[in-house]
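Colleague: I would like to learn how to read a model of this kind feature by feature, with the general idea given before the particular case. Could we go through it together?

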Amino acid sequence: MTKIALNLISGRTIHQGVAMEAGKEKDAYTKACGIIEMDPSDLKKLGAWRNTNVRVTSPYGSVVVKAVEATQGPHPGLAYIPMGPWANSVTDPNTYSTGMPTFKGVPIEVEVAMNEKVLSSVELVQKKCRGEV
Amino acid sequence: MTKVVPDVICPFCGTLCDDIEVEVSDDGKTIVDVYNACAIGAEKFMHTQEGDRVTRPRMQQPDGSYKEVSYDEAVEYTAQMLVKARKPLMYGWSSTSCEAQSVGHEIAEKVGAIIDNTATVCHGSTLIAVQDVGIPSCTLGEIKNRADRIIFWGCNPTHAHPRHQSRYSIYPRGFFTNKGHKNRKVIVVDPRNTDTAKMADVHYQIEQGRDYELLSAFRVALRNEELPDFVAGIPKEKIYEGAELMKSGRFGIIFFGMGVTQSLSKNHNIDNAIMLTKDLNEFTKFSIMAMRGHYNVTGSGQVLGWQFGFPFCVDLTRGFARYNPGETSSNDLLRRGEVDAVFVLGSDPGAHFPISSVKKIAELPSVAVDPHITPTTEVSKLHVPVAFVGIEVGGNCYRMDNVPIDARKVVDPPEGVLTDEEFLTRVNKRVGELMGVN
């Protein structure tokens with residue numbers, strides 16, 4: 001199975017903001033934030049169609065999200081997961097004595113995970129806390 | 001007939017828009033529509049009206065499900081938890097009023113807690129940098145009326161502060177900027193071609209995490225010194241041009257966001273951005289401002305500042321205020337397992353902290369005070385729903401430029417739901433009784 005290495009950043013999107021205020025337990029929040037925005041050239045390297053579920057793995061964790069084409073690209077080599085529990089499942093918690101985790105610039109590997117499901121925010125966090133995923 | 005409540009303050013982002021109009025039903029009980037707000041702000045107002053709100057506290061059961069309890073039981077659990085804990089963490093405070101923050105700080109002082117706000121995962125590095133080198137800043141009104149060079153560095157207000165550009169930074173016609181955006185030159189520095197970058201005159205698509213280098217390069221270019229051919233992926237000619245563009249303005253402003261505060265180098269990126277601003281003041285008038293996220297995170301820093309002397313990460317466990325980010329900051333405390341109870345109000349660390357920290361919250365006695373259902377409330381032992389500040393109860397808030405604005409109440413909260421301040425006041429009273437102090 002092809003795996004590609006990318007540099008991950010996270011941040012706000014308007015869809016993340018609207019879905020968050022509408023309720024983080026709802027589907028719209030998963031649709032807005034349980035995604036990874038990738039450059040078309042990286043999707044090609046991965047051999048994945050748009051809107052395919054992928055597994056993102058970093059030295060700090062792993063999560064399944066849906067791969068979509070970058071909306072604010074091009075940015076080859078860079079991947080973007082909107083801020084939320086999906087991004088934070090793989091983000092770098094090291095603060096280097098500043099109190100601030102390193103949310104931007106996390107080395108990740110992405111592979112196709114067609115048959116795995118993108119969990120909802122509450123499900124994801126509860127299962128992570130119980131050590132089930 | 002519906003009526004319109006004018007001049008409502010939007011309780012979403014640090015822009016704290018003060019021109020929202022809310023249409024309420026004839027009896028004044030329900031919100032029918034919202035005008036002037038951005039998509040996010042409008043959603044926040046409308047969400048309060050949905051029937052799916054939790055209106056009574058809920059306690060987690062051994063099987064993980066939640067059972068409804070009374071506010072009295074919730075107050076008792078919270079007070080007992082805080083009094084029993086040796087080192088409780090009281091985190092959040094950014095989505096609530098300054099009045100509620102103040103009551104929270106009273107509790108923290110009594111029980112010897114650590115108080116931290118969302119700056120810890122947002123502009124905490126900015127606050128450290130400001131303590132190191134100071135900050136030449138201004139208000140958003142000055143920017144609207146005077147600024148003709150606008151720099152967005154590592155921030156994307158089109159998505160995060162949707163009305164910032166139309167109210168203050170790019171489009172408004174001000175006193176000395178009466179041609180609106182035609183008077184202004186906009187520079188965006190971002191590793192992505194963001195929707196903000198698409199509106200800019202110049203976009204520097206910087207290599208991610210190389211902000212310190214590019215900031216230094218601008219400082220070199222201002223002095224007309226030699227640069228290498230490329231810095232952070234940007235050709236030197238473009239950097240010299242950018243420096244000239246900045247110098248040629250009458251009033252410039254650098255807005256910066258998470259792109260610099262959360263990338264490696266963190267506070268040092270901001271140090272350098274502030275020093276660039278200082279250097280630019282040799283040529284023209286320049287200011288710099290943090291794009292604060294929550295509508296009252298600035299207020300939390302202010303209230304902590306005037307009460308304890310530090311803007312976040314305040315450790316009161318020894319009976320006096322200590323401050324040492326890296327030691328007294330939420331994520332470091334949680335990861336190292338140094339706290340034994342967690343109280344969250346006006347924030348959602350469950351969604352916005354690294355998962356390693358969230359796991360620790362789930363293991364500890366924990367209370368989440370939040371009007372919404374969030375990943376935090378769903379892993380905490382107790383969820384206390386409260387009224388929305390700025391919609392169902394008024395209160396003081398600080399805009400991103402440190403201007404205090406009183407938020408207004410528009411409608412009543414659902415029957416029997418307490419406000420943050422009421423809940424905290426009751427907890428404070430009970431804590432006082434348990435500890436035998438007032």
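Modeller: Let us begin with strand pairing: two strands pair if DSSP finds at least two bridges between them, while helices (H or I, at least four residues) and strands (E, at least two) are themselves DSSP runs, numbered from the N terminus. In chain B, strand β17 (residues 341-345) and strand β18 (residues 366-369) run parallel and are joined by four bridges, and B:Val342 stands opposite B:Ser366 in β18(B). This is a predicted model, in which local features need pLDDT of at least 70 and side-chain atom pairs count only at pLDDT 80 or more, whereas totals for chains, interfaces and linings use all residues. Residues are numbered from 1 along each chain as its sequence is written, and chains are lettered from A and ligands numbered from 1 in the order in which they are written.

Colleague: In what order do the strands of the open sheet of chain B lie, and which are the edge strands?

Modeller: The nine strands follow the order β5-β4-β19-β18-β17-β6-β7-β15-β16, with mixed pairing. At the edges are β5 (66-68) and β16 (322-323) of chain B, each of which pairs on one side only.

Colleague: At what angle do helices α2 and α16 of chain B pack?

Modeller: Axes are lines fitted to C-alpha atoms, for helices over the stretch in contact, and angles run from 0 to 180 degrees between N-to-C directions. Helix α2 (residues 71-84) and helix α16 (residues 420-435) of chain B pack at about 50°, with their axes 9 Å apart. That makes α2(B) oblique to α16(B), since angles under 35 degrees count as roughly parallel, over 145 as roughly antiparallel, 65 to 115 as roughly perpendicular and the rest as oblique. Residues are in contact if their C-beta atoms, placed from the backbone, lie within 7 Å; among those making this contact are B:Val75 and B:Leu82 of α2(B) and B:Val427 and B:Leu434 of α16(B).

Colleague: How many residues does each chain bring to the contact between chains A and B?

Modeller: Chain B brings 53 residues and chain A 43 residues. Several helices of chain B each supply at least two residues of the side that touches chain A, including α1 (39-47) and α4 (124-133), and α15(B) gives the most, with six residues.

Colleague: What does the C-alpha trace of chain B span along its principal axes?

Modeller: The trace spans about 65 × 55 × 40 Å, and chain B holds 16 helices and 21 strands.

Notes. Contact = placed C-beta atoms within 7 Å.
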